[in-house]
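Thanks for coming, everyone. I would like to walk through one model this morning, going from the overall layout down to the contacts between helices.

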Amino acid sequence: MSSEDNLISPFPGIRPYTKKEAENFYGREREVEDVLSILKRYKLVTICGKSGSGKSSLIEAGILPKLQKGFLGQAGKEWVICDFRPGISPLENLSYALSDSGVMYLKSKSKTTDHQNYKNKIEEKRDLGLIEIFASSEIYEKKNLLICRLSFLYYWLKEQRV
Ligand SMILES: Nc1ncnc2c1ncn2[C@@H]1O[C@H](COP(=O)(O)OP(=O)(O)O)[C@@H](O)[C@H]1O
Ligand SMILES: [Mg+2]
């Protein structure tokens with residue numbers, strides 16, 4: 001075996017970069033700075049692009065590591081990251097992700113009824129329901145909440161209006 005066989009490729013191949021690969025993530029410095037400066041001023045950033053253009057990698061290896069190091073957002077330096085896979089039941093999966101212990105609570109434990117309550121609230125009040133869930137949570141104004149892959153909600157809301 002030559003010494004070259006021990007070299008590890010800095011590219012992950014046909015999958016997005018993960019947080020652990022942030023050290024090998026290059027070429028998106030400008031985009032990372034742009035997203036962070038928007039996050040400093042506004043509560044919502046939308047990252048759009050064709051499949052394969054690098055959105056997931058930008059978020060995972062570019063933005064999340066910076067937030068978790070203590071980036072100053074509108075509600076201080078702490079960030080709660082709520083990442084979920086919309087799958088075939090996006091509303092169900094978002095409600096589960098929000099009710100995961102630790103997401104909406106500072107010290108007290110999440111309740112078994114949270115998932116159903118969150119789902120009902122979003123179904124009933126749509127995007128305002130999501131805002132209400134956050135505004136009445138323990139973390140409101142104490143921590144920033146970043147919800148990834150929320151774009152499904154906008155498609156869902158559009159369908160509801162038809
Ligand atoms: N900055 C980068 N440098 C090199 N390869 C990258 C970079 N960003 C993404 N890739 C690669 O491009 C492909 C698509 O990236 P991905 O983040 O999955 O895009 P998207 O989420 O937009 O579909 C993946 O194979 C990923 O490893
Ligand atoms: Mg992706």
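Let me begin with what I mean by a domain here, since the bounds of each domain come from an automatic or database domain assignment. Please also keep in mind that what you see is a predicted model. With that understood, the protein is divided into domain 1, which covers 1-72, and domain 2, which covers 75-162, and the C-alpha centres of domain 1 and domain 2 lie 24 Å apart. The contact between them draws seven residues from domain 1 and five residues from domain 2. If we look at the side of domain 1 that touches domain 2, we find five nonpolar residues, two polar ones and no charged ones.

As for the overall dimensions, the C-alpha atoms of the protein fill a box of roughly 60 × 35 × 30 Å when this is taken along the principal axes. The secondary structure comes to six helices and two strands, and, reading from the N terminus on, the order of these elements is α-α-β-α-α-α-β-α.

Now to the helix packing, and I will start with helix H1, residues 29-41, and helix H2, residues 55-68, which pack at an angle of about 55° with their axes 10 Å apart. H1 passes H2 in a right-handed crossing. On the H1 side the residues involved are Glu31, Val32, Val35 and Leu36, and these meet Leu58, Gly62, Ile63 and Lys66 in H2. By class, the residues of this contact of H1 with H2 divide into five nonpolar, one polar and two charged.

The next pair is helix H3, residues 90-99, with H4, and here the packing angle is about 130° and the axes are 8 Å apart. H3 and H4 are therefore oblique to each other, and their crossing is right-handed. The contact is made by Leu91, Glu92, Ser95, Tyr96, Leu98 and Ser99 of H3, together with Asp114, His115, Tyr118, Lys119, Ile122 and Glu123 of H4. The residues of the contact of H3 with H4 divide into five nonpolar, three polar and four charged.

H4, residues 114-125, also packs with helix H5, residues 127-135, and the axes of H4 and H5 come within 6 Å and cross at roughly 140°. That makes H4 oblique to H5 as well. Here H4 contributes Tyr118, Lys121, Ile122, Glu124 and Lys125, while H5 contributes Leu128, Gly129, Leu130, Glu132 and Ile133. The residues of the contact of H4 with H5 divide into five nonpolar, one polar and four charged.

Finally, let me turn to the ligand. Which residues are closest to ligand 1? In this model 18 residues surround ligand 1, and the closest are Pro16, Gly54, Lys55, Ser56 and Ser57. The shell around ligand 1 divides into seven nonpolar, eight polar and three charged residues.

Terms used:
Residues are numbered from 1 along each chain as its sequence is written. Chains are lettered from A and ligands numbered from 1 in the order in which they are written. This is a predicted model: local features need pLDDT of at least 70, side-chain atom pairs count only at pLDDT 80 or more; totals for chains, interfaces and linings use all residues. Axes are lines fitted to C-alpha atoms, for helices over the stretch in contact, and angles run from 0 to 180 degrees between N-to-C directions. Helices (H or I, at least four residues) and strands (E, at least two) are DSSP runs, numbered from the N terminus. A crossing is left-handed if the near helix is turned anticlockwise from the far one by less than a right angle, and right-handed if clockwise. Two residues are in contact if their C-beta atoms, placed from the backbone, lie within 7 Å. Ala, Val, Leu, Ile, Met, Phe, Trp, Tyr, Cys and Pro count as nonpolar, Asp, Glu, Lys and Arg as charged, and the others, Gly among them, as polar. A residue is near a molecule or strand if its C-beta atom, placed from the backbone, lies within 6 Å of it. Angles under 35 degrees count as roughly parallel, over 145 as roughly antiparallel, 65 to 115 as roughly perpendicular and the rest as oblique.
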